[in-house]
Amino acid sequence: PAMHGFIHMTLRSLVLAKGGEHKWAQLLERLAVTEMHFLELRMHDDHLTVRAVATAAELLGTDVNGALLAFGEHFVTFMEETNYLHTVRAFGTDLLEFVHNVDELHNHLRKAPKHRDCHFP
């Protein structure tokens, strides 16, 4: 399974908002990745994303569940700030319709070789 770099961009935004540049630099150092690699808009191995969330939680003084909750809340703000919110709104008018349509998008993307692992559980 893999995660798209857009998720990493959102995590970066969260860490910068909650901890600043220093915490972001520490996260990259602990993961042993460059910012360019981490933020590349391509599929990244889930292990990198899980390690990044766990590291962010530690650096921000919370547990993984707290970091994931903060990520979810921040995701909406990040989407709005980057003008992606209109795209998200196009996926449905309620949560059930949204989840169904995101999965359909992933089904469509899965047809391309580089997106074979896309799935919204």
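Which residues in H1 meet which residues in H3? The answer is under the helix pair below, but here's the quick tour first. What you're looking at is a predicted model. The protein chain has 6 helices and 2 strands, and along the sequence they follow the pattern β-α-α-β-α-α-α-α.

**The chain as a whole**

- Of the 121 residues in the protein chain, 32% count as buried.
- Its accessible surface comes to about 7700 Å², and 60% of that belongs to carbon and sulfur atoms.
- Take the contacts between residues at least 6 apart in sequence: 59% of them join residues at least 24 apart.

**The largest nonpolar core**

- As a bit of background, nonpolar side chains in soluble globular proteins tend to be buried together.
- Here, the largest nonpolar core has 15 residues.
- The ones with the most contacts inside this core are Leu 11, Val 15, Trp 24, Leu 27, Leu 31, Val 33 and Phe 38.
- Helix H1 (5-31), helix H3 (46-59) and helix H4 (64-81) each supply at least two residues of the core.
- H1 gives the largest share, with 7 residues.
- Let's zoom in on Leu 31: skipping its neighbours within four places in sequence, Leu 31 is in contact with Phe 38, Leu 48, Arg 51, Ala 52 and Thr 55.

**How H1 and H3 meet**

- Two packed helices are described by the angle and the distance between their axes.
- For H1 and H3, the axes come within 9 Å and cross at roughly 80°.
- That angle makes H1 roughly perpendicular to H3.
- Back to the opening question: on the H1 side, the residues are Ile 7, His 8, Leu 11, Val 15, Lys 23, Gln 26, Leu 27, Arg 30 and Leu 31.
- On the H3 side, they meet Leu 48, Thr 49, Arg 51, Ala 52, Val 53, Thr 55, Ala 56, Glu 58 and Leu 59.
- Sort the residues of this contact by type and you get 10 nonpolar, 4 polar and 4 charged.

**A loop residue to look up: Phe 91**

- You'll find Phe 91 in the loop between helix H5 (85-89) and helix H6 (95-109).
- Is Phe 91 buried or exposed? Phe 91 counts as buried because its relative accessible area is 17%, and the cut-off for buried is under 20%.
- Leaving out residues up to four places away in sequence, Phe 91 touches Glu 97, Phe 98, Asn 101, Val 102 and Leu 105.
- Phe 91 and Glu 104 sit 13 residues apart in sequence, and their C-alpha atoms are 9.8 Å apart in space.

How values were computed
Residues are numbered from 1 along each chain as its sequence is written. This is a predicted model: local features need pLDDT of at least 70, side-chain atom pairs count only at pLDDT 80 or more; totals for chains, interfaces and linings use all residues. Side-chain values use heavy atoms; hydrogens and water are left out. A nonpolar core is a set of buried Ala, Val, Leu, Ile, Met, Phe, Trp, Tyr and Cys residues joined through side-chain atoms within 4.5 Å. Buried means under 20% relative accessible area, exposed over 50%, partly exposed in between (1.4 Å probe, protein chains only). Helices (H or I, at least four residues) and strands (E, at least two) are DSSP runs, numbered from the N terminus. Contact means heavy atoms within 4.5 Å. Axes are lines fitted to C-alpha atoms, for helices over the stretch in contact, and angles run from 0 to 180 degrees between N-to-C directions. Angles under 35 degrees count as roughly parallel, over 145 as roughly antiparallel, 65 to 115 as roughly perpendicular and the rest as oblique. Ala, Val, Leu, Ile, Met, Phe, Trp, Tyr, Cys and Pro count as nonpolar, Asp, Glu, Lys and Arg as charged, and the others, Gly among them, as polar. Accessible areas come from the Shrake-Rupley method with a 1.4 Å probe; for residues, only the protein chains shown count as cover.
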